[in-house]
Structure formats: structure tokens, C-alpha cells
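Here are my notes on this model, as numbered points. Please read them with the structure open beside you.

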Amino acid sequence: MASSTLICDTEPWKNLRAHVEDIKKTHLRDLMSDTKRCQSMMVEFDGLLLDYSRQCATLETMDKLFKLAEAENLKQKIGRMYNGERINSTENRPVLHVALRAPRDSVIQSDGKNVVPDVWKVLDKIQVFSETVRSGSWVGATGKALTDVISVGIGGSFLGPLFVHTALQTDPEASKFAKGRQLRFLANVDPVDVARNITGLNPETTLVVVVSKTFTTAETMLNARTLREWISAALGPSAVAKHMVAVSTNLTLVEQFGIDPNNAFAFWDWVGGRYSVCSAVGVLPLSLQYGFSVVEKFLKGASSIDQHFYSAPFEKNIPVLLGLLSVWNVSFLGYPARAILPYSQALEKFAPHIQQVSMESNGKGVSIDGVPLPFEAGEIDFGEPGTNGQHSFYQLIHQGRVIPCDFIGVVKSQQPVYLKGEVVSNHDELMSNFFAQPDALAYGKTPEQLQNENVPQHLIPHKTFSGNRPSLSLLLPSLNAYNIGQLLAIYEHRIAVEGFVWGINSFDQWGVELGKSLASQVRKQLNSARTKGKPVEGFNYSTTTLLKRYLEVWLSIWAQSHAHRVVPAIITSNKLISFLLISSSYLFKDLIQNKQ
Ligand code: F6P
């Protein structure tokens, strides 16, 4: 395909557009009565079952979607990713997160070099280090074992590890290995997040893992400096070497920060931040908490899907099918959002993680060649575990807007409960909803049905459910480390498929830059206002007003709470500049005292 040719200009895209009319004439009620269709919309792999029969799609739709994939060279694009080609062209990088979970003896090349041995070198280092810490051989500055870990990082250096940690927490095997240990995550630069993280922790028994691909992210670095201060203030500056380690691609900056390079765990430019949970970013904190053997199972689960994604024919390829159906829903049926609804509390952080993977990857307005897209790419992801979501936003999903839903269910609960005298086990109760909701969405309830139930006439419009609302169901046998790895990789690859078909670069994230640079101008302004009393300038009316209000209100709140310590003459003098100077020096003294 010529570089400027967009997917929307191809015949398969136009055919799908024309096909929308046929689909709009059908109702899922009717589609669901075609058993042959439903049978062919079930795919099994490695213990997983995907049922996409409740998509507003026929076998003809699927056929047309496969043709679309062909037009965009999906097979070749997947191959180029696995071959380590620099498919992230705007950053000139390969995209090789599959190498992070590849078996030790596999070969994955980047620039003519097999990267798998490097990956395993770091994994081996993590195994040794985590066992040393977990066994108590590695002790802190006062000789105590380090039982608690705070992982400091944001975005991809946070969300994936948090999702996996939350999912493992109640897994019987993983939780046994985590006994007596704590893992916390500090992401937000909000000092409230710092306070929450350190509350109840003792620096003597805490290990801080600073996780940042670049080691320049403002939020992470300030949080890291704050925790460095927390440790030094309690144990002296030399304690930092024993209580802080790092995960980064930038080992020079790690060393400049004061962390011993021997205690740094590397990863590589070819790992995108949001695709980095299988690198040291996730593997180190998770191994410290659960032991390396559990984390290795997680990697194996992801690797199983990697092999499936690479080799399975598209008709049986779970990530490919999911990706193509997402393109169908977003670009043809006009449903821009997707609800991720795991019927498992352990997956409560899955949707937030997928939000980043999906929206940072595919929220793009131009093709990979820089041509503006005449169609919308990307999708709006959100979700909550069932049944909590049912009591929150499902009203809109059932009777308001059409939001394609991913129902994710688990056969065997991590924590089964069966109360004597109850009709079903607690997990069966939960799963009854998992099975019921997709049909409620697909079939709806007609006015005729309501009339037959003698529903008063005036309530019939309110109680009618239009149905014909698409969903898919993914059933996992259980939710152990292996299954969690499978689930992660399915979604990672699904999102890549969407991006490949839309013809965008799913692996860069230029859209996050502008806000960062504007924040740095504000930071400079706040500093000069607070320390030199300089007036707010260089911003538009709105931002200037907000900033002034922020500074003034802060000042008056501070003055009220420090009235006894500030010379009264200064308060009444209206000399803002000198007042600012004096108050800020008090403030910084205050902050330091509070920290200590
Ligand atoms: O949000 C932007 C982003 O660059 C993400 O892509 C990345 O995961 C996150 O910031 C954190 O970056 P780093 O790991 O370099 O601190």
C-alpha cells in the first residue's frame, strides 16, 4: 500500500461501510437464534473460551473484516513487530515486549542481536535480588529485614504492576508467598499519595523501588526525592544505598540520583512504557512481593498468548478477532466506547491499566505516515468489576447509549465461599450476573412482553429495553498468575491489532507532551511568585486569574494558621512581596519539620 493510502480508501473498508446497512436491519435476538453462527463465534485456546456471538456481526461481517486485515497487511505487521523491526517509526524503535516473556532458549532479534539473553540476564538478577531481600539476607541500614516495598512510578511504570499485584493478592498460591510482606504503589505527585504510602510504614523495613523508563518523569522524580528524604531523615543519607533501588533504561541518571548502579535493573528502549509490566518494571516489585516463581508463571501465561497471536489463523486468533471487532464497533457501527467488565474483584485494576494501554496507544489523529485521519481511531475505555458496575453505570448501557461490553468471567474463584443453606455458592451468585447481563443487553425487553406482564401502560416506555447491544464474553478457567498473564497479553495484542488496521502508530505518545511543557511554565511561575514575590504573567486571563487565586488563598490560609508566628506588622502592612518571602521561608521550615 502506498504510504499515504489510508485504510478508509480501500475496497474492504468501503465494503464494510456498505455492509453496515445490512447489519442495522438485523437484531441480536435473531442473530442469536442461528446456532451455526453462534458455534462459529466461539474460540478456545489454552483453557480460555471467547464467545463473540453477541456482537452485531454475521459470518459475512467477519469475512469482510478479515479482508480489511489483509488490505492493511495485518499478518505482515505482526511479523514485523516480532522480527524487531523499527515499527515505532516516530521514535525509531522496535516494539518487542513479546521478548520480555519469551522462553530462555528462544531467539528474538533487534538490530541483528538476539535480545532474549539480555532479558534473562535481568530476570536472573531479579530472581537473585528478590530472594536475597525476601529471605532477609539483604537488610536495611539498621540491620532489619526489608518486608515492605513502595514502588514509585507513574503511567506504564505503575498501572500494569498495580493491576497484576491486585489480581495476585487473593490468589491462594501467591498470597501464601506474600505472607508478612507489603507492596504499595506511589504514583501521583499529590503529596496526599505520599502520605498514604508512608502511613504505617517504617523506613527501617522499607525498600523503595524507583521505576521510570526515562528517569526524568517529573512526578516520579519528585516522589522519589521525597521518599529519599524520608529515608535519609530517619536513617541518615548513607541508608539510601540499602533502601532504594531502581528500574530504568537510563542507568546514568539512576546513578546520578544516588542509587548504586548494581541495584539498578535495566530494560530497553524497545519496551514501551505501557507495555512494560513484563519487564523489571513489574517483575521486580512483584517478585519482591510474591517470589520469582509466581511471576515466572505470569510471564509464561503471557508468552502462551504471544505464540498464539503470532501463529494462529485469524479465524481462531483471539487478539486478532477482538481487535477486528473493536474496529468494527468503533469505525463502522459508530460506538466509540468500550466497557471492560470483569466479574472478579481481583481484576479491579484491569480496566485502569487497559485504559492506558488502549487510549495512549490508539488515541491518535494521524496515520503512521502523518496523514490526518478522516475517521476516528482509538476507543474510550472504562470499566468496573461486576457486580459493582451493575449498580453504577449499567443503566446507561442497558437503556441509554450503546457501549460494547467485554464480560470477563472466571470459572474457579480464588476465594470460594459456600454458605450452608444458600441456593448457590457466592461465586455462582456473582457468575449468574456474568451470564445474565449479556443476554439482557442482546435481547432487551419488548413493549409486547411488558403488556403480557400487565405492566401499566404509562410505564411501558420506561421499562422497555431495546436490546441489540453488543458484548463479548471471555471465560477463564481460574485466575492464577498464568491466567493473569494470558489476559494481559490478549489485550495488549488486541490493541496493537486495532492500531495496525487503522494504520496508526500505536507505540508513540506525543499527545502527553504539550501538557507537560505547559506545566513546567506554571512550575517556574509558582516558584518565582512564592520565593521572589514576582507577579503572575505570561498566561491568558483565565489561567492568570486561577493562578492568582491559588496563590492568594493559599497565602491567607497559611497566614491564618501561622498568625502566632508571623510578625503582626507584616500581616497588616500589605507588603505582599516581603510577606511572601518571610512566609515561604517559614513554610519550607515547616515542611522539613513535618517530614522529620
Ligand atoms: O504518560 C506518559 C508516559 O510517558 C507514559 O507513556 C509512561 O508510561 C509514563 O509517562 C511514565 O514514564 P517513565 O517510565 O519514563 O517515568
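1. Asp111 counts as exposed, because its relative accessibility is 56% and the cut-off for exposed is over 50%. Keep in mind that this is a predicted model. Asp111 sits in the loop between strand S3 (109-110) and strand S4 (113-114). Its phi is positive, about 50°, although Asp111 is not a glycine.

2. Asp46 deserves a look as well. This residue also is not a glycine, and it has a positive phi of about 50°. Its place is the loop between strand S1 (42-45) and S2. Is Asp46 buried, partly exposed or exposed? Asp46 is partly exposed, because its relative accessible area is 34%, and that class lies between the cut-offs of 20% and 50%.

3. Check the backbone at Gly386 and Thr387. A cis peptide bond joins these two residues, with omega at about 10°. Thr387 belongs to the loop between strand S11 (380-383) and H17.

4. Helix H17 (residues 394-399) contains His398. Is His398 buried or exposed? His398 counts as buried because its relative accessibility is 11%, and buried means under 20%. Which residues does His398 touch, leaving aside its neighbours within four places in sequence? Its contacts are Gln437, Ala440, Leu441, Phe465 and Arg469.

5. Next, strand S10 (residues 337-342). This strand is largely enclosed by the rest of the structure, because 6 of its 6 residues are buried. In a regular strand, side chains alternate between the two faces of the sheet. In S10 both faces are covered. One side carries Ala337, Ala339 and Leu341, and the other carries Arg338, Ile340 and Pro342. Note that Arg338 is among the buried residues.

6. S10 runs parallel to S11, and 4 bridges join them. Within this pairing, Ala339 stands opposite Phe382 in S11.

7. Strand S13 (residues 471-476) is mostly covered, with 5 of its 6 residues buried. How does S13 run relative to strand S2 (residues 48-51), parallel or antiparallel? S2 and S13 are antiparallel and are joined by 3 bridges. Leu50 stands opposite Leu474 in S13.

8. S13 also pairs with strand S12 (residues 405-410). Here the strands run parallel, and 6 bridges join them. Gly409 faces Leu475 of S13 across this pairing, standing opposite it.

9. A separate point concerns an open sheet. It has 5 strands in the order S6-S5-S7-S8-S9, with parallel pairing. Which strands form the edges? They are strand S6 (182-186) and strand S9 (264-266), each of which pairs on one side only. From one strand to the next, the twist averages 20°.

10. Within that sheet, strand S7 (residues 206-211) and strand S8 (residues 244-248) pair in parallel over 4 bridges. Val211 stands opposite Val247 in S8. Helix H6 (residues 116-135) packs on the sheet and touches S7, S8 and S9. The direction of H6 makes about 150° with that of S9.

11. Now the packing of helix H21 (residues 481-502). Helix H7 (residues 159-168) packs against H21 at an angle of about 145°, and their axes are 10 Å apart. The crossing of H7 and H21 is right-handed. H7 contributes Phe163, Val164, Ala167 and Leu168 to the contact, and H21 contributes Ala481, Ile484 and Leu488. What kinds of residues make up this contact? They divide into 7 nonpolar, no polar and no charged.

12. The axes of helix H15 (residues 318-332) and H21 come within 8 Å, crossing at roughly 50°. That angle makes H15 oblique to H21. H15 passes H21 in a right-handed crossing.

13. Who meets whom in the contact of H15 with H21? From H15 come Ile318, Pro319, Val320, Leu322, Gly323, Leu324, Ser326, Val327, Val330 and Ser331. From H21 come Ile490, His493, Arg494, Val497, Glu498, Val501 and Trp502. The residues of this contact divide into 11 nonpolar, 4 polar and 2 charged.

Key: Residues numbered from 1 in each chain as written. Predicted model: local features only at pLDDT ≥ 70, side-chain atom pairs only at ≥ 80, totals over all residues. Heavy atoms only, no water. Axes fitted to C-alpha atoms, helices over the stretch in contact; angles between N-to-C directions. Helix = DSSP H or I, 4+ residues; strand = E, 2+ residues; numbered from the N terminus. Left-handed = near helix turned anticlockwise from the far one by under 90°. Contact = heavy atoms within 4.5 Å. Nonpolar A, V, L, I, M, F, W, Y, C, P; charged D, E, K, R; others polar. Buried < 20%, exposed > 50% of the residue type's maximum accessible area, 1.4 Å probe, protein only. Pairing = 2+ DSSP bridges. Parallel < 35°, antiparallel > 145°, perpendicular 65-115°, else oblique.
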